[in-house]
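User: Hi! I'm new to this one, could you walk me through it?
Analyst: Happy to, here it is.
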Amino acid sequence: MLADERREAILRAVERQGSITVKELAEEMGVSAVTLRQDVRELAGRGLLTRVHGGARALAPAGPAPAEAPAAAPSTTERYAVGLVVPPGGYYYAEVIRGVQDAARSLGVRVVLAVSGESLAENQEQVRQLVAGGIDGLLLMLHPGLRPVDEAEQWLSGLEVPAVLVERRAGIKAGRLEQVASDHAYGAALAVRHLAALGHDRVALVARVESPNTAHLSAGYAEAVESMGLRPGPEYRIVTGADAAPADGRFDEVIRAVEAGEVRAALVHNDIDAIALVGILRARGLRVPEDLALVTYDDEVAELSETPLTAVAPPKQAVGAWALDLAVRRLSRPATPQAEILLRPELRVRASCGAQRRASA
């Protein structure tokens with residue numbers, strides 16, 4: 001069936017029934033729901049019907065304007081429906097979701113949230129259900145431990161609807177996907193440069209093994225150390241999963257280096273680990289920033305530490321907003337060039353780095 005024939009059939013069904021659901025009409029016409037959704041979107045754009053979640057309805061008949069308009073009822077019309085897949089737990093994702101929500105309100109988009117599992121099969125099923133339910137596009141913050149990577153990227157490259165990776169970076173095999181993420185390498189370099197400006201010629205990096213951002217942090221850290229001619233500092237990797245050692249054991253190497261005077265400045269990812277490290281140092285008779293100038297990476301709870309922590313703050317809400325905006329642009333103008341957007345974090349200076357002491361000296 002040609003596109004014009006499909007669209008004529010849709011208009012006839014809407015005129016006859018008053019409203020239709022994409023899923024039922026697609027089955028009746030023997031075409032895919034994705035194709036029919038595109039047709040409905042096109043017809044709505046031409047003002048021939050009203051698009052609603054899961055289908056379409058006939059335009060309301062025009063009538064004389066009342067002398068005094070009653071209070072407007074909430075509109076059931078939506079521009080698009082977008083599925084948002086996020087990992088379970090973690091305060092980091094809440095801010096990204098909030099950014100998506102705020103953008104959705106202003107853009108007239110309905111967001112359908114799903115929580116991803118740890119396996120590729122679980123994620124595939126979540127996406128299948130969203131697509132079957134009538135979403136037009138996807139925002140994907142997939143589980144950071146998703147394996148195998150090659151199979152995951154192959155699956156992502158063949159999705160039926162436009163998709164944007166959010167706070168994730170895919171390889172070349174998933175090149176059809178658009179991406180919006182914080183520039184974590186830039187954020188790490190920002191912290192190193194700040195500590196170097198305070199007189200530290202050697203900075204350590206403490207980061208979680210399981211974090212998807214650790215590789216980017218390490219790359220930005222190494223580049224900043226080299227470009228500024230600093231002495232290479234140690235990089236520590238800590239494990240925080242269910243089988244991890246207690247917090248004081250996790251930081252053994254870091255503590256010994258601080259006690260020996262080998263490490264006097266550090267970038268720690270993330271806030272929870274940085275706050276735990278401050279407490280362990282205090283218990284050992286060591287002080288922040290006197291014995292260790294510290295910058296944390298995240299800035300979710302950094303200000304609540306006993307010594308408020310200087311922090312690199314990724315623009316989480318902006319990432320969510322940009323991701324939804326990119327999805328809407330793709331749906332509205334499919335021929336536009338694909339985009340990969342990196343948003344730069346900012347540094348928020350507090351007490352833990354020693355900058356305030358230096359300024360008052």
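Analyst: Helices (H or I, at least four residues) and strands (E, at least two) are DSSP runs, numbered from the N terminus. This is a predicted model, where local features need pLDDT of at least 70, side-chain atom pairs count only at pLDDT 80 or more, and totals for chains, interfaces and linings use all residues. Residues are numbered from 1 along each chain as its sequence is written, and side-chain values use heavy atoms, with hydrogens and water left out.

User: Thanks! What comes just after α10?
Analyst: That is G261, which takes a positive phi of about 75 degrees.

User: And which residues of α10 are buried?
Analyst: In α10, residues 252-259, the buried ones are V254, I255, A257 and V258. Buried means under 20% relative accessible area, exposed over 50%, and partly exposed in between (1.4 Å probe, protein chains only). Seen down the axis of α10, they fall within an arc of 165 degrees, so they line one face of the helix; the arc is that of the directions from the helix axis to the C-beta atoms.

User: What's on the other side of α10?
Analyst: E253 and R256 are there, and they are exposed.

User: What do the buried residues of α10 pack against?
Analyst: They pack against β9 (204-208), β10 (235-238) and α11 (271-283).

User: Switching topic: what's the strand order in the open sheet?
Analyst: The six strands run β5-β4-β6-β7-β8-β14, with parallel pairing. Two strands pair if DSSP finds at least two bridges between them.

User: Which strands stand at the edges?
Analyst: β5 (109-115) and β14 do; each has a single partner strand, so one side of each is left without a neighbour in the sheet. β4 and β5 pair in the parallel sense over seven bridges, and L84 stands opposite L113 in β5.

User: Which residues touch the most other members of the largest nonpolar core?
Analyst: Of its 26 residues, those are L84, L139, M141, V164, V166, V180 and L324. Such a core is a set of buried Ala, Val, Leu, Ile, Met, Phe, Trp, Tyr and Cys residues joined through side-chain atoms within 4.5 Å. A second, separate core has 24 residues, including I238, A274, I280 and L294.

User: What is V166 in contact with?
Analyst: Leaving aside neighbours within four places in sequence, V166 is in contact (heavy atoms within 4.5 Å) with V96, L139, L140, M141, V180, V319 and A323.

User: Last one: is V203 buried or exposed?
Analyst: V203 is buried, with a relative accessible area of 1%. This residue lies in the loop between α7 (184-197) and β9.
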